[in-house]
Amino acid sequence: MSVSVEPTSTQTPAGDSGQTSAGAHTGAGANAEGEALRPHAEHAFAAELAALAAQDDRPRPVRWRMSPWAVATYLLGGTLPDGTVITPKYVGPRRIVEVAVTTLATDRALLLLGVPGTAKTWVSEHLAAAVSGDSTLLVQGTAGTPEEAIRYGWNYAQLLAHGPSRDALVPSPVMRAMAEGMTARVEELTRVPADVQDSLITILSEKTLPIPELGQEVQAVRGFNLIATANDRDRGVNELSSALRRRFNTVVLPLPETAEAEVDIVSRRVDQIGRSLDLPAVPEGIEEIRRVVTVFRELRDGITADGRTKLKSPSGTLSTAEAISVVTNGLALAAHFGDGVLRAGDVAAGILGAVVRDPAADRVIWQEYLEAVVREREGWKDFYRACREVSA
(Lines give C-alpha, C1' and ligand atoms only; values in the text may rest on other atoms or scores of the structure.)
Protein backbone atom coordinates (compact mmCIF):
# COMPACT_ATOMS: atom_id res chain seq x y z
CA MET A 1 0.00 0.00 0.00
CA SER A 2 1.30 3.48 -0.80
CA VAL A 3 0.60 6.62 1.15
CA SER A 4 0.56 10.24 0.13
CA VAL A 5 2.33 12.87 2.19
CA GLU A 6 0.37 16.04 2.73
CA PRO A 7 2.22 19.32 3.22
CA THR A 8 2.08 20.80 6.68
CA SER A 9 -0.29 23.64 7.47
CA THR A 10 2.44 26.25 7.14
CA GLN A 11 3.61 25.12 3.71
CA THR A 12 2.19 25.08 0.23
CA PRO A 13 3.11 22.30 -2.20
CA ALA A 14 5.71 24.06 -4.28
CA GLY A 15 5.16 21.73 -7.19
CA ASP A 16 1.68 23.10 -8.03
CA SER A 17 1.73 24.29 -11.60
CA GLY A 18 -0.09 27.54 -10.89
CA GLN A 19 2.66 29.03 -8.76
CA THR A 20 5.66 31.04 -9.75
CA SER A 21 8.99 30.28 -8.17
CA ALA A 22 8.55 33.19 -5.80
CA GLY A 23 5.32 31.76 -4.53
CA ALA A 24 6.64 28.48 -3.28
CA HIS A 25 6.13 29.49 0.33
CA THR A 26 3.25 31.33 1.92
CA GLY A 27 4.38 31.31 5.56
CA ALA A 28 5.80 34.13 7.65
CA GLY A 29 9.22 33.74 6.08
CA ALA A 30 7.84 34.68 2.66
CA ASN A 31 6.02 37.69 4.09
CA ALA A 32 9.29 38.92 5.56
CA GLU A 33 11.20 38.18 2.37
CA GLY A 34 12.35 41.77 2.00
CA GLU A 35 13.96 41.55 5.44
CA ALA A 36 15.66 38.18 4.94
CA LEU A 37 19.41 38.40 5.37
CA ARG A 38 19.86 35.74 2.71
CA PRO A 39 16.71 35.04 0.68
CA HIS A 40 16.35 31.60 -0.86
CA ALA A 41 17.36 31.44 -4.50
CA GLU A 42 13.75 31.15 -5.69
CA HIS A 43 12.98 34.45 -3.94
CA ALA A 44 16.18 36.35 -4.66
CA PHE A 45 16.04 35.56 -8.39
CA ALA A 46 12.27 35.27 -8.80
CA ALA A 47 12.16 37.75 -11.68
CA GLU A 48 14.81 35.85 -13.67
CA LEU A 49 13.12 32.51 -13.04
CA ALA A 50 9.75 33.89 -14.12
CA ALA A 51 11.22 35.45 -17.28
CA LEU A 52 12.95 32.21 -18.22
CA ALA A 53 9.84 30.12 -17.62
CA ALA A 54 7.69 32.52 -19.66
CA GLN A 55 9.97 32.44 -22.70
CA ASP A 56 10.97 28.80 -22.45
CA ASP A 57 9.39 26.87 -25.33
CA ARG A 58 11.53 23.75 -25.07
CA PRO A 59 10.34 20.39 -23.72
CA ARG A 60 10.16 20.19 -19.93
CA PRO A 61 10.45 17.00 -17.89
CA VAL A 62 7.39 16.21 -15.78
CA ARG A 63 6.92 18.69 -12.90
CA TRP A 64 9.92 20.77 -13.91
CA ARG A 65 9.38 24.53 -13.89
CA MET A 66 11.43 24.94 -17.06
CA SER A 67 13.39 22.94 -19.61
CA PRO A 68 16.93 21.66 -18.97
CA TRP A 69 18.21 24.30 -21.40
CA ALA A 70 16.55 27.06 -19.36
CA VAL A 71 17.91 25.64 -16.10
CA ALA A 72 21.44 25.71 -17.53
CA THR A 73 20.88 29.27 -18.78
CA TYR A 74 19.70 30.30 -15.32
CA LEU A 75 22.92 28.99 -13.76
CA LEU A 76 25.35 30.16 -16.44
CA GLY A 77 23.68 33.43 -17.43
CA GLY A 78 22.65 34.83 -20.78
CA THR A 79 20.32 37.26 -22.54
CA LEU A 80 16.77 36.21 -23.44
CA PRO A 81 15.08 37.17 -26.74
CA ASP A 82 13.16 39.98 -25.01
CA GLY A 83 16.39 41.47 -23.68
CA THR A 84 16.10 40.13 -20.12
CA VAL A 85 19.59 39.59 -18.70
CA ILE A 86 20.07 36.41 -16.69
CA THR A 87 22.98 36.85 -14.30
CA PRO A 88 25.49 34.00 -13.95
CA LYS A 89 25.10 32.02 -10.73
CA TYR A 90 28.05 29.74 -11.49
CA VAL A 91 31.25 30.68 -13.30
CA GLY A 92 32.86 27.53 -14.65
CA PRO A 93 32.84 25.03 -17.52
CA ARG A 94 29.45 24.92 -19.23
CA ARG A 95 29.67 21.18 -19.75
CA ILE A 96 29.73 20.58 -15.99
CA VAL A 97 26.41 22.38 -15.58
CA GLU A 98 24.89 20.61 -18.58
CA VAL A 99 25.86 17.19 -17.19
CA ALA A 100 24.44 18.08 -13.78
CA VAL A 101 21.13 19.28 -15.22
CA THR A 102 20.85 16.29 -17.53
CA THR A 103 21.42 13.93 -14.60
CA LEU A 104 18.45 15.44 -12.77
CA ALA A 105 16.29 14.77 -15.84
CA THR A 106 17.05 11.03 -15.52
CA ASP A 107 16.39 8.61 -12.68
CA ARG A 108 19.93 9.01 -11.36
CA ALA A 109 20.67 11.16 -8.33
CA LEU A 110 23.35 13.85 -8.57
CA LEU A 111 26.45 14.07 -6.35
CA LEU A 112 28.34 17.36 -6.46
CA LEU A 113 31.89 16.69 -5.31
CA GLY A 114 34.72 19.13 -4.74
CA VAL A 115 37.11 20.79 -2.34
CA PRO A 116 35.68 23.37 0.09
CA GLY A 117 34.60 26.60 -1.53
CA THR A 118 33.83 25.29 -5.02
CA ALA A 119 30.17 26.40 -4.82
CA LYS A 120 28.67 22.94 -4.30
CA THR A 121 25.92 24.18 -1.98
CA TRP A 122 25.35 27.26 -4.14
CA VAL A 123 24.91 25.18 -7.30
CA SER A 124 22.71 22.67 -5.45
CA GLU A 125 20.40 25.41 -4.22
CA HIS A 126 20.06 27.06 -7.61
CA LEU A 127 19.46 23.77 -9.40
CA ALA A 128 16.61 22.94 -7.00
CA ALA A 129 15.17 26.46 -7.32
CA ALA A 130 15.16 26.31 -11.12
CA VAL A 131 13.90 22.74 -11.42
CA SER A 132 11.29 22.65 -8.65
CA GLY A 133 10.82 26.25 -7.56
CA ASP A 134 11.76 25.27 -4.01
CA SER A 135 15.29 24.88 -2.66
CA THR A 136 14.25 24.29 0.95
CA LEU A 137 13.68 20.52 0.95
CA LEU A 138 17.06 20.21 2.61
CA VAL A 139 18.82 17.76 4.92
CA GLN A 140 21.97 19.26 6.43
CA GLY A 141 24.44 16.45 6.96
CA THR A 142 26.41 16.33 10.21
CA ALA A 143 27.94 13.66 12.40
CA GLY A 144 24.71 13.69 14.40
CA THR A 145 22.23 13.47 11.53
CA PRO A 146 19.70 10.74 12.44
CA GLU A 147 18.00 8.35 10.06
CA GLU A 148 14.71 10.19 10.68
CA ALA A 149 16.10 13.25 8.90
CA ILE A 150 16.24 11.28 5.65
CA ARG A 151 13.29 8.90 6.12
CA TYR A 152 10.61 10.11 8.55
CA GLY A 153 10.00 10.72 12.23
CA TRP A 154 7.07 10.66 14.63
CA ASN A 155 5.03 13.15 16.57
CA TYR A 156 5.39 11.40 19.90
CA ALA A 157 2.36 13.04 21.47
CA GLN A 158 0.20 11.62 18.66
CA LEU A 159 2.08 8.34 18.74
CA LEU A 160 1.47 7.83 22.46
CA ALA A 161 -2.15 8.93 22.26
CA HIS A 162 -3.25 7.02 19.18
CA GLY A 163 -0.43 4.69 18.18
CA PRO A 164 1.26 4.63 14.76
CA SER A 165 -0.86 6.52 12.27
CA ARG A 166 -0.56 8.81 9.30
CA ASP A 167 -1.28 11.80 11.55
CA ALA A 168 1.60 10.89 13.83
CA LEU A 169 4.12 10.58 10.99
CA VAL A 170 6.47 13.53 10.37
CA PRO A 171 7.79 13.41 6.80
CA SER A 172 11.41 14.25 6.09
CA PRO A 173 12.33 16.67 3.28
CA VAL A 174 13.25 13.64 1.16
CA MET A 175 9.87 11.99 1.77
CA ARG A 176 8.07 15.21 0.85
CA ALA A 177 10.10 15.52 -2.33
CA MET A 178 9.22 11.93 -3.29
CA ALA A 179 5.50 12.49 -2.75
CA GLU A 180 5.39 15.86 -4.52
CA GLY A 181 7.78 15.16 -7.42
CA MET A 182 10.32 17.70 -6.21
CA THR A 183 14.09 18.00 -5.84
CA ALA A 184 15.51 17.16 -2.42
CA ARG A 185 18.96 18.20 -1.23
CA VAL A 186 21.39 16.49 1.15
CA GLU A 187 24.34 18.66 2.13
CA GLU A 188 27.69 17.21 3.24
CA LEU A 189 26.67 13.61 2.65
CA THR A 190 30.03 12.24 3.77
CA ARG A 191 29.54 13.88 7.18
CA VAL A 192 26.47 11.69 7.74
CA PRO A 193 27.04 8.39 9.59
CA ALA A 194 27.42 5.44 7.21
CA ASP A 195 24.30 3.60 8.40
CA VAL A 196 22.22 6.74 7.88
CA GLN A 197 23.71 7.26 4.42
CA ASP A 198 22.58 3.78 3.44
CA SER A 199 18.95 4.64 4.17
CA LEU A 200 19.12 6.39 0.79
CA ILE A 201 19.85 3.19 -1.12
CA THR A 202 16.25 1.95 -1.32
CA ILE A 203 15.00 5.47 -2.02
CA LEU A 204 17.39 5.95 -4.94
CA SER A 205 17.24 2.46 -6.39
CA GLU A 206 13.61 1.44 -5.86
CA LYS A 207 12.19 4.98 -5.72
CA THR A 208 10.16 3.97 -2.72
CA LEU A 209 10.30 4.58 1.04
CA PRO A 210 8.78 1.78 3.14
CA ILE A 211 6.87 2.65 6.33
CA PRO A 212 6.78 -0.74 8.06
CA GLU A 213 5.01 0.63 11.14
CA LEU A 214 1.97 1.36 8.98
CA GLY A 215 2.39 -1.41 6.42
CA GLN A 216 2.61 1.28 3.79
CA GLU A 217 5.14 2.97 1.53
CA VAL A 218 5.69 6.27 -0.20
CA GLN A 219 6.41 5.87 -3.90
CA ALA A 220 8.29 8.65 -5.65
CA VAL A 221 6.26 10.40 -8.31
CA ARG A 222 7.77 11.63 -11.57
CA GLY A 223 9.85 14.74 -11.06
CA PHE A 224 11.53 13.51 -7.89
CA ASN A 225 15.28 13.52 -7.68
CA LEU A 226 18.01 14.19 -5.16
CA ILE A 227 21.12 16.36 -5.14
CA ALA A 228 23.85 15.56 -2.62
CA THR A 229 27.06 17.44 -1.98
CA ALA A 230 30.30 16.08 -0.56
CA ASN A 231 33.67 17.54 0.31
CA ASP A 232 36.47 15.47 -1.16
CA ARG A 233 38.69 16.49 1.75
CA ASP A 234 36.37 14.45 3.97
CA ARG A 235 37.64 11.17 2.58
CA GLY A 236 37.96 8.78 5.44
CA VAL A 237 35.30 10.52 7.54
CA ASN A 238 32.25 8.58 6.36
CA GLU A 239 33.03 7.47 2.84
CA LEU A 240 30.10 6.42 0.69
CA SER A 241 29.57 2.71 0.31
CA SER A 242 30.03 1.37 -3.20
CA ALA A 243 26.32 0.47 -3.25
CA LEU A 244 25.31 4.07 -2.51
CA ARG A 245 27.91 5.64 -4.79
CA ARG A 246 26.53 3.60 -7.70
CA ARG A 247 23.18 5.35 -7.24
CA PHE A 248 24.73 8.73 -8.04
CA ASN A 249 26.15 10.39 -11.08
CA THR A 250 29.14 12.30 -9.72
CA VAL A 251 30.03 15.75 -11.02
CA VAL A 252 33.28 17.26 -9.75
CA LEU A 253 33.22 21.04 -9.34
CA PRO A 254 36.74 22.38 -9.90
CA LEU A 255 38.43 25.41 -8.44
CA PRO A 256 38.43 28.44 -10.78
CA GLU A 257 40.94 27.85 -13.56
CA THR A 258 42.33 31.38 -13.69
CA ALA A 259 42.86 34.26 -11.30
CA GLU A 260 40.58 36.47 -13.38
CA ALA A 261 37.77 33.93 -13.16
CA GLU A 262 38.18 33.77 -9.39
CA VAL A 263 38.26 37.57 -9.10
CA ASP A 264 35.03 37.68 -11.10
CA ILE A 265 33.37 35.11 -8.83
CA VAL A 266 34.46 36.90 -5.65
CA SER A 267 33.39 40.28 -7.00
CA ARG A 268 29.93 39.06 -8.00
CA ARG A 269 29.21 37.32 -4.71
CA VAL A 270 30.56 40.13 -2.57
CA ASP A 271 28.47 42.60 -4.56
CA GLN A 272 25.33 40.52 -3.95
CA ILE A 273 26.07 40.15 -0.24
CA GLY A 274 27.09 43.78 0.08
CA ARG A 275 23.83 45.07 -1.38
CA SER A 276 21.88 43.19 1.27
CA LEU A 277 24.11 44.70 3.98
CA ASP A 278 24.25 48.23 2.50
CA LEU A 279 28.02 48.01 2.05
CA PRO A 280 30.10 50.05 -0.45
CA ALA A 281 30.13 49.04 -4.10
CA VAL A 282 32.67 46.38 -5.07
CA PRO A 283 34.25 48.16 -8.10
CA GLU A 284 35.97 50.66 -5.80
CA GLY A 285 37.85 47.80 -4.15
CA ILE A 286 38.59 45.60 -7.14
CA GLU A 287 42.37 45.89 -6.70
CA GLU A 288 42.18 44.63 -3.14
CA ILE A 289 39.99 41.74 -4.30
CA ARG A 290 42.65 40.93 -6.86
CA ARG A 291 45.29 40.91 -4.14
CA VAL A 292 43.27 38.63 -1.86
CA VAL A 293 42.69 36.18 -4.72
CA THR A 294 46.37 36.28 -5.70
CA VAL A 295 47.51 35.52 -2.14
CA PHE A 296 45.02 32.69 -1.77
CA ARG A 297 45.87 31.11 -5.12
CA GLU A 298 49.63 31.30 -4.61
CA LEU A 299 49.55 29.79 -1.14
CA ARG A 300 46.99 27.20 -2.25
CA ASP A 301 49.04 26.18 -5.29
CA GLY A 302 52.43 26.32 -3.53
CA ILE A 303 53.97 28.57 -6.18
CA THR A 304 53.84 32.25 -7.15
CA ALA A 305 51.79 33.36 -10.13
CA ASP A 306 54.90 33.90 -12.27
CA GLY A 307 56.10 30.37 -11.47
CA ARG A 308 59.44 31.57 -10.12
CA THR A 309 59.12 30.90 -6.41
CA LYS A 310 57.94 27.73 -4.73
CA LEU A 311 55.96 28.20 -1.54
CA LYS A 312 54.80 26.14 1.40
CA SER A 313 51.04 25.72 1.61
CA PRO A 314 49.28 26.33 4.94
CA SER A 315 46.81 23.89 6.49
CA GLY A 316 43.70 25.89 5.54
CA THR A 317 41.83 25.42 2.28
CA LEU A 318 42.00 29.10 1.22
CA SER A 319 38.93 28.56 -0.90
CA THR A 320 37.01 31.02 -3.03
CA ALA A 321 34.31 31.03 -0.38
CA GLU A 322 36.88 32.15 2.22
CA ALA A 323 38.08 34.90 -0.12
CA ILE A 324 34.48 36.11 -0.38
CA SER A 325 34.25 36.17 3.40
CA VAL A 326 37.52 38.09 3.77
CA VAL A 327 36.47 40.74 1.24
CA THR A 328 32.96 41.09 2.67
CA ASN A 329 34.39 41.65 6.14
CA GLY A 330 36.85 44.14 4.69
CA LEU A 331 34.02 46.08 3.04
CA ALA A 332 32.22 46.22 6.38
CA LEU A 333 35.36 47.63 8.01
CA ALA A 334 35.71 50.20 5.23
CA ALA A 335 32.07 51.21 5.57
CA HIS A 336 31.91 51.52 9.34
CA PHE A 337 35.46 52.48 10.33
CA GLY A 338 36.95 53.91 7.13
CA ASP A 339 36.09 56.11 4.17
CA GLY A 340 34.00 53.47 2.40
CA VAL A 341 36.79 52.44 0.01
CA LEU A 342 38.26 48.96 0.43
CA ARG A 343 41.95 49.20 1.26
CA ALA A 344 44.80 46.86 2.24
CA GLY A 345 44.27 47.44 5.95
CA ASP A 346 40.66 46.31 5.67
CA VAL A 347 41.51 42.84 4.31
CA ALA A 348 44.81 42.15 6.09
CA ALA A 349 43.32 40.78 9.32
CA GLY A 350 40.88 38.58 7.41
CA ILE A 351 43.67 37.10 5.31
CA LEU A 352 45.72 36.40 8.43
CA GLY A 353 42.77 34.57 10.00
CA ALA A 354 42.22 32.50 6.87
CA VAL A 355 45.87 31.56 6.41
CA VAL A 356 47.00 30.97 9.99
CA ARG A 357 44.85 28.10 11.23
CA ASP A 358 47.71 26.27 12.92
CA PRO A 359 49.33 28.95 15.13
CA ALA A 360 52.73 27.33 14.95
CA ALA A 361 53.29 25.96 11.43
CA ASP A 362 51.00 28.29 9.49
CA ARG A 363 52.40 31.44 11.09
CA VAL A 364 55.89 30.53 9.90
CA ILE A 365 54.59 29.88 6.37
CA TRP A 366 52.77 33.22 6.36
CA GLN A 367 55.81 35.15 7.57
CA GLU A 368 58.01 33.54 4.91
CA TYR A 369 55.47 34.44 2.23
CA LEU A 370 55.27 38.05 3.44
CA GLU A 371 59.04 38.54 3.42
CA ALA A 372 59.96 36.56 0.33
CA VAL A 373 57.03 37.49 -1.96
CA VAL A 374 54.81 40.33 -0.75
CA ARG A 375 57.66 42.57 0.41
CA GLU A 376 59.37 42.38 -2.98
CA ARG A 377 56.26 42.76 -5.13
CA GLU A 378 55.95 46.09 -6.90
CA GLY A 379 52.94 48.13 -5.86
CA TRP A 380 52.25 46.00 -2.76
CA LYS A 381 54.07 48.09 -0.11
CA ASP A 382 50.80 49.22 1.53
CA PHE A 383 49.59 45.63 1.61
CA TYR A 384 52.88 44.45 3.11
CA ARG A 385 52.74 47.09 5.85
CA ALA A 386 49.11 46.26 6.68
CA CYS A 387 49.84 42.54 6.91
CA ARG A 388 52.95 43.12 9.02
CA GLU A 389 50.94 45.29 11.40
CA VAL A 390 48.25 42.66 12.04
CA SER A 391 50.82 39.83 12.14
CA ALA A 392 52.94 41.44 14.82
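This is a predicted model: local features need pLDDT of at least 70, side-chain atom pairs count only at pLDDT 80 or more; totals for chains, interfaces and linings use all residues.
Two strands pair if DSSP finds at least two bridges between them. Strand 3 (residues 109–114) and strand 10 pair in the parallel sense over five bridges. Within this pair, Leu 110 stands opposite Ile 227 of strand 10. Strand 7 (residues 183–187) also pairs with strand 10. The sense is again parallel, and the bridges number four. Here Thr 183 has Asn 225 of strand 10 as its bridge partner.

How many residues of strand 10 are buried? Strand 10 covers residues 225–231, and seven of the seven are buried. A residue counts as buried when its relative accessible area is under 20%. Strand 10 is therefore largely enclosed by the rest of the structure.

In a regular strand, side chains alternate between the two faces of the sheet. The residues of strand 10 can be sorted by direction. Asn 225, Ile 227, Thr 229 and Asn 231 point one way. Leu 226, Ala 228 and Ala 230 point the other way. Both sets are buried.

The largest pocket has a volume of about 710 Å³. It is lined by 28 residues. Closest to its centre are Gly 117, Thr 118, Ala 119, Trp 122 and Ala 321. Helix 6 (120–132), helix 12 (259–277) and helix 14 (320–337) are the elements that give two or more residues to this lining. Helix 12 provides the largest share, with five residues. By residue class, the lining of the largest pocket holds 14 nonpolar, seven polar and seven charged residues.

The second largest pocket has a volume of about 570 Å³. Its lining is made of 24 residues. Which residues of this lining are the closest to the centre of the pocket? They are Pro 39, Ala 44, Arg 269, Gln 272 and Ile 273. Helix 2 (41–44), helix 6 and helix 12 each supply at least two residues of the lining. The largest share again comes from helix 12, here with eight residues. The lining of the second largest pocket divides into 10 nonpolar, six polar and eight charged residues.

Conventions: Residues are numbered from 1 along each chain as its sequence is written. Side-chain values use heavy atoms; hydrogens and water are left out. Buried means under 20% relative accessible area, exposed over 50%, partly exposed in between (1.4 Å probe, protein chains only). On a 1 Å grid over the protein atoms alone, a cavity is a set of points where a 1.4 Å probe fits but cannot get out, and a pocket is an open set with protein on both sides within 12 Å along at least five of seven lines; lining residues have an atom within 4 Å of a point. Grid points are joined across faces, edges and corners, and a volume is the space filled by probe spheres set on the points. Ala, Val, Leu, Ile, Met, Phe, Trp, Tyr, Cys and Pro count as nonpolar, Asp, Glu, Lys and Arg as charged, and the others, Gly among them, as polar.
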